[in-house]
Amino acid sequence: MLLQAAQQQVNHALFGVVVLAGEIINLATRVFTMPYNGRGPYGLSAPKAYVSATGIFGNEVFGSRPDAAMVLSDALSRAQERYLVVDAEKVGRRDFCLFTTLEDMTAAFINEDADPRTIEALRAYTSVITA
């Protein structure tokens, strides 16, 4: 779903790159990354923030890079609504950088074929939307 929204934006972009809450997606590789200089776009302010994670363990939401985690945490702190977009395989995993908690999220989007126990684990902390 996030990639579909990014694809729609890229259809209008010149170089096939879209910045989403501090991350950059390269549609040729379908990978989200942060700028390597560690100077991500801090101070992003929007009514809604959509972020992804590389791990969710209990209530904790993780990313793999400290610079990206700092930008995402900053963007989430400024948003009125906060949404997590995650694959079910990320639930039950820890990664390097804790950047938020599920209870601070408005809702979590997860794939509709996720195990019911995985969905219930997320529901213990936030609303869950399957897509």
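## V51 and its contacts

V51 touches L72, L76, Y83, L84, V85, F99 and M105. That list leaves out residues up to four places away in sequence. A contact here means heavy atoms within 4.5 Å.

This is a predicted model: local features need pLDDT of at least 70, side-chain atom pairs count only at pLDDT 80 or more, and totals for chains, interfaces and linings use all residues. Residues are numbered from 1 along each chain as its sequence is written, and side-chain values use heavy atoms, without hydrogens and water.

## The nonpolar core

V51 also belongs to the largest nonpolar core. Such a core is a set of buried Ala, Val, Leu, Ile, Met, Phe, Trp, Tyr and Cys residues joined through side-chain atoms within 4.5 Å. Buried means under 20% relative accessible area, exposed over 50%, and partly exposed in between (1.4 Å probe, protein chains only). This core has 22 residues, and V51, L84, F99 and I110 touch the most other members.

Which elements give two or more residues to this core? They are β4 (48-52), α2 (66-78), β7 (81-86), β8, β9 (107-110) and α3. Helices (H or I, at least four residues) and strands (E, at least two) are DSSP runs, numbered from the N terminus. The largest share, three residues, comes from α2. In soluble globular proteins, nonpolar side chains tend to be buried together.

## T100 in strand β8

T100 sits in strand β8, which covers residues 97-101. Is T100 buried or exposed? T100 counts as buried, because its relative accessibility is 10%. Beyond residues up to four places away in sequence, T100 touches N59, E60, V61, L76 and M105.

## Salt bridges

The structure holds four salt bridges. In each, a side-chain nitrogen of Lys or Arg lies within 4 Å of a carboxyl oxygen of Asp or Glu. One of them joins D115 and R117, with the closest N and O atoms 3.0 Å apart. D115 is partly exposed at 30%, while R117 is exposed at 66%.

Another pairs E120 with R123 (3.1 Å, N to O). Both lie in helix α3, three residues apart, about one turn of the helix. E120 is partly exposed at 47%, and R123 is partly exposed at 43%.

## Confidence

The predictor's confidence in each residue is the pLDDT, from 0 to 100. The protein chain averages 79, and 66% of the residues score at least 70. Over residues 12-19 the pLDDT is below 50. Where pLDDT is low, the predicted coordinates should not be read in detail.
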